[in-house]
Amino acid sequence: MSNYRGDDAEYMEDVDDEMEDVEDDMDEEFRGDDLGASDSDVEEFDYSNNKVADTTAEQARKGKDIQGIPWDRLNISREKYRQTRLEQYKNYENVPNSGESSEKVCKVTQKGGLFYDFWRNSRSIKSTILHFQLRNLVWATSKHDVYLMSNFLVTHYSSLTSGKHEVLNVRGHVAPSEKHPGSLLEGFTQTQVSTLAVKDDFLVAGGFQGELICKHLDRPGVSFCSRMTYDDNAITNAIEIYNKPSGALHFTASNNDCGVRDFDMERYQLVKHFRFPWPVNHASLSPDGKLLAIVGDNPEGLIVDPNTGKTLETLSGHLDFSFASAWHPDGVTFSTGNQDKTCRVWDIRNLSQSVTVLKGNLGAIRSIRYTSDGKYMAMAEPADFVHVYDVSNGYETEQEIDFFGEISGISFSPDTEALFIGVWDRTYGSLLEFGRRRNYSYLDSYL
């Protein structure tokens, strides 16, 4: 991934500049940095609770925009603004024209699927990102509990109570309250969190300088702090938490120093460190723990033995750098997301070519998630679009979730009942919540 923070500012500034002409068409009252509406507008503010009003499913059914954008009071329609975004949004590429070149091999899917219904847009919780290529900053541990980055805070949000509370504050000094070999007892100050992972009661935050901060959510304080590398190019790109067949808690960290490291959190020790020819942007372990998918700053991906680090297979087909990977629960298929605007689905029984190629609208596929039952897969673009595919139907049908704003992360709840989407926007930053659509036909007998 891009080595320097300067690339972030330059890229996001370019995106803002390209949208200025569109925003000039909006009423002065609503003009902002992105979509231009005022948080203090009377329709968008709940004076009784002194907070920005959320959008509920009932309001959406009555025609309200799910993000609360007052299109009827703007000088531009939603349809016109969408078309302009599609035409002008700048997709970041390391390989020029990779997005255009990939189009001819993409699958034509049937849109209009409805697998997850809109439930709520919570604008009281602001989801943020720090690096424009890293979008794994939202994690659900139940259909009511979600964790996300909000500036320098890791925040827990409850969809039951609409309440939030601070879980980890990295703005100041963070130090471990437990003593473990290899832990940096002096801790860190003003950690810039680049990636996050939460599973069950365990949280790991990775930083721009190779920092690791580990916290058990059911314990006070921080359990473990470590710096994986002092390399100049040390940013932590991705973290995946998993359990070994023995039940031991582990996590895998992917870094820009070309390394993949495996940590045993029962003993708080680094147990494996593999190096590759290029920066690793994401690594994901197969459900049986026997294969490790590796993607990074190379169009080709790798399938690796997680015990030895030996490359078993090479994945060829993508045209740019990849930033996402995820395994289907069956352990036979997995997917990779790339800056060529595609997600490729692979089958380990024949890796000579991908099974199918799915296309985004605006830009890179930066995050991929499967439901725990394997029925659905969601892929997120950098902004505006999350695509949910019916895996059981061979990815033929998709639900396209359409909104406005950069995407900080996506997460299905472990029971598959909820889908959360973090939206980063200066005006309309929020957390979108969708619920799995169910057809309870047995209830018809009571009608």
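This section describes the aromatic contacts and the strand pairing of a predicted model.

The structure holds 14 aromatic pairs. Tryptophan 327 and phenylalanine 334 form a tilted aromatic pair, with 4.6 Å centre to centre and 35° between the planes, and both tryptophan 327 and phenylalanine 334 are buried. Elsewhere, Phe115, Tyr116, Tyr376 and Phe412 are linked by ring pairs into a cluster.

Aromatic rings also take part in contacts with charged side chains. The charged end of arginine 366 sits over the ring of phenylalanine 323, at 4.9 Å from the ring centre, while the charged end of arginine 369 sits over the ring of tryptophan 139, at 4.5 Å from its centre.

Turning to the strands, an open sheet is formed by four strands in the order 6-7-8-9, with antiparallel pairing. Strand 6 (138-140) and strand 9 (163-169) are the edge strands of this sheet, each of them pairing on one side only, and from one strand to the next the twist averages 25°. Within the sheet, strand 7 (residues 145-150) and strand 8 (residues 153-158) run antiparallel and are joined by six bridges; valine 146 stands opposite tyrosine 157 of strand 8. The ring of tryptophan 139, over which the charged end of arginine 369 sits, belongs to a residue that falls within the range of edge strand 6 (138-140).

Strand 20 (residues 280-285) pairs with strand 21 in the antiparallel sense over five bridges, and the bridge partner of valine 280 in strand 21 is glycine 296. The hairpin of strand 20 and strand 21 has six residues between the strands, and glycine 289 in this hairpin takes a positive phi near 75°.

Strand 21 (residues 292-296) is mostly covered, with five of its five residues buried. In a regular strand the side chains alternate between the two faces of the sheet. In strand 21 both faces are covered, with Leu292, Ile294 and Gly296 buried on one side and Ala293 and Val295 buried on the other.

The series continues with strand 22 and strand 23 (residues 311-315), which run antiparallel and are joined by four bridges, and in which leucine 302 stands opposite threonine 314 of strand 23. Six residues lie between strand 22 and strand 23 in the hairpin that they form, and glycine 309 in the turn has a positive phi of about 80°.

Key: Residues are numbered from 1 along each chain as its sequence is written. This is a predicted model: local features need pLDDT of at least 70, side-chain atom pairs count only at pLDDT 80 or more; totals for chains, interfaces and linings use all residues. Side-chain values use heavy atoms; hydrogens and water are left out. Rings of Phe, Tyr and Trp (its six-membered ring) pair if their centres lie within 6.5 Å; planes under 30 degrees apart count as stacked, over 60 as edge-to-face and the rest as tilted. Buried means under 20% relative accessible area, exposed over 50%, partly exposed in between (1.4 Å probe, protein chains only). A charge sits over a ring if NZ of Lys or CZ of Arg is within 6 Å of the ring centre and within 35 degrees of the ring normal. Two strands pair if DSSP finds at least two bridges between them. Helices (H or I, at least four residues) and strands (E, at least two) are DSSP runs, numbered from the N terminus. Axes are lines fitted to C-alpha atoms, for helices over the stretch in contact, and angles run from 0 to 180 degrees between N-to-C directions.
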